[in-house]
Amino acid sequence: MINEKLEKAFNDQINKELYSAYLYLTMKAKFAEMNLNGFVNWFDVQVKEEQAHGMGMYDYVIERGGKIELSAIDKPELKGSTPLEIFEQVLEHEEYVTSRINALMDVAEETKDRAALSFLDWYLKEQVEEESNVGGVLATLKLIGDDKKALLILDKDLAARVFNPPVIG
Ligand code: OFO
């Protein structure tokens with residue numbers, strides 16, 4: 001059985017993961033407006049990953065005999081409109097999510113829930129991967145600057161990303 005404090009922390013994180021999907025859906029639409037379909041694909045995969053992250057925790061809380069308490073998802077706000085500005089926001093957001101996963105692990109540690117800690121290890125590794133992927137795209141966008149041809153090459157690269165349903169835990 002999961003401790004109440006940890007159950008609440010998991011429910012909060014489920015909200016954050018689903019908010020991430022919402023944020024990336026907003027960004028996907030922004031790239032569709034720009035006709036950058038490779039970026040659209042990249043965000044499409046990102047949305048599915050976030051939904052899988054949220055559902056992984058959702059299933060875990062139930063598996064541990066906990067209660068799911070869903071709360072309202074905030075309206076996402078874009079801080080910029082260019083590909084570079086959008087990716088700066090993605091990186092900032094992923095760094096925030098990493099800090100929330102760390103905080104969730106702190107609660108698991110505090111409540112001496114080793115099973116939850118071991119489950120959350122997957123999320124920690126996933127955050128390292130996410131920050132690195134996003135950081136890579138951001139670095140390329142910085143190099144590209146105003147070069148439209150180079151932007152189209154990156155767009156083509158991002159069209160190759162595929163969604164592989166993650167095996168969580
Ligand atoms: Fe769920 O990893 Fe991004 O937010």
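Biologist: Quick one on K8: buried or exposed?
Modeller: K8 counts as exposed, at 52% relative accessibility. The cut-offs are under 20% relative accessible area for buried, over 50% for exposed and partly exposed in between, with a 1.4 Å probe and protein chains only. Keep in mind that this is a predicted model, where local features need pLDDT of at least 70, side-chain atom pairs count only at pLDDT 80 or more, and totals for chains, interfaces and linings use all residues. Residues are numbered from 1 along each chain as its sequence is written, and side-chain values use heavy atoms, leaving out hydrogens and water.

Biologist: Which side chain does K8 meet in a salt bridge?
Modeller: That's D12, at 3.0 Å from N to O. A salt bridge here is a Lys or Arg side-chain nitrogen within 4 Å of an Asp or Glu carboxyl oxygen. D12 is partly exposed, with a relative accessible area of 33%.

Biologist: Where do D12 and K8 lie?
Modeller: Both lie in helix 1, residues 4-33, and they are 4 residues apart, about one turn of the helix. Helices are DSSP runs of H or I with at least four residues, strands are E runs of at least two, and numbering starts at the N terminus.

Biologist: And what does K30 pair with?
Modeller: K30 forms a salt bridge with E33, and their closest N and O atoms are 3.2 Å apart. That pair also belongs to helix 1, 3 residues apart, so about one helical turn separates K30 and E33. K30 is partly exposed, at 24% relative accessible area, while E33 counts as exposed at 59%. Shared partners also link K28, D44 and K48 into one salt-bridge network.

Biologist: How many salt bridges in the whole structure?
Modeller: The search finds 9. One of them joins the side chains of K67 and E69, at 3.3 Å from N to O.

Biologist: Switching topic: H53, buried or exposed?
Modeller: H53 sits in helix 2 and is buried, since its relative accessible area is 1%.

Biologist: What does H53 touch?
Modeller: Leaving out residues up to four places away in sequence, H53 touches E17, W122, Y123, E126, E130 and I168. Touching means heavy atoms within 4.5 Å.

Biologist: Okay, big picture. What secondary structure does the chain have?
Modeller: The protein chain has 5 helices and 0 strands. Its C-alpha trace spans about 55 × 25 × 25 Å along the principal axes. Of the 169 residues, 44% are buried.

Biologist: And what share of contacts joins residues at least 24 apart?
Modeller: 81%, among contacts between residues at least 6 apart in sequence.
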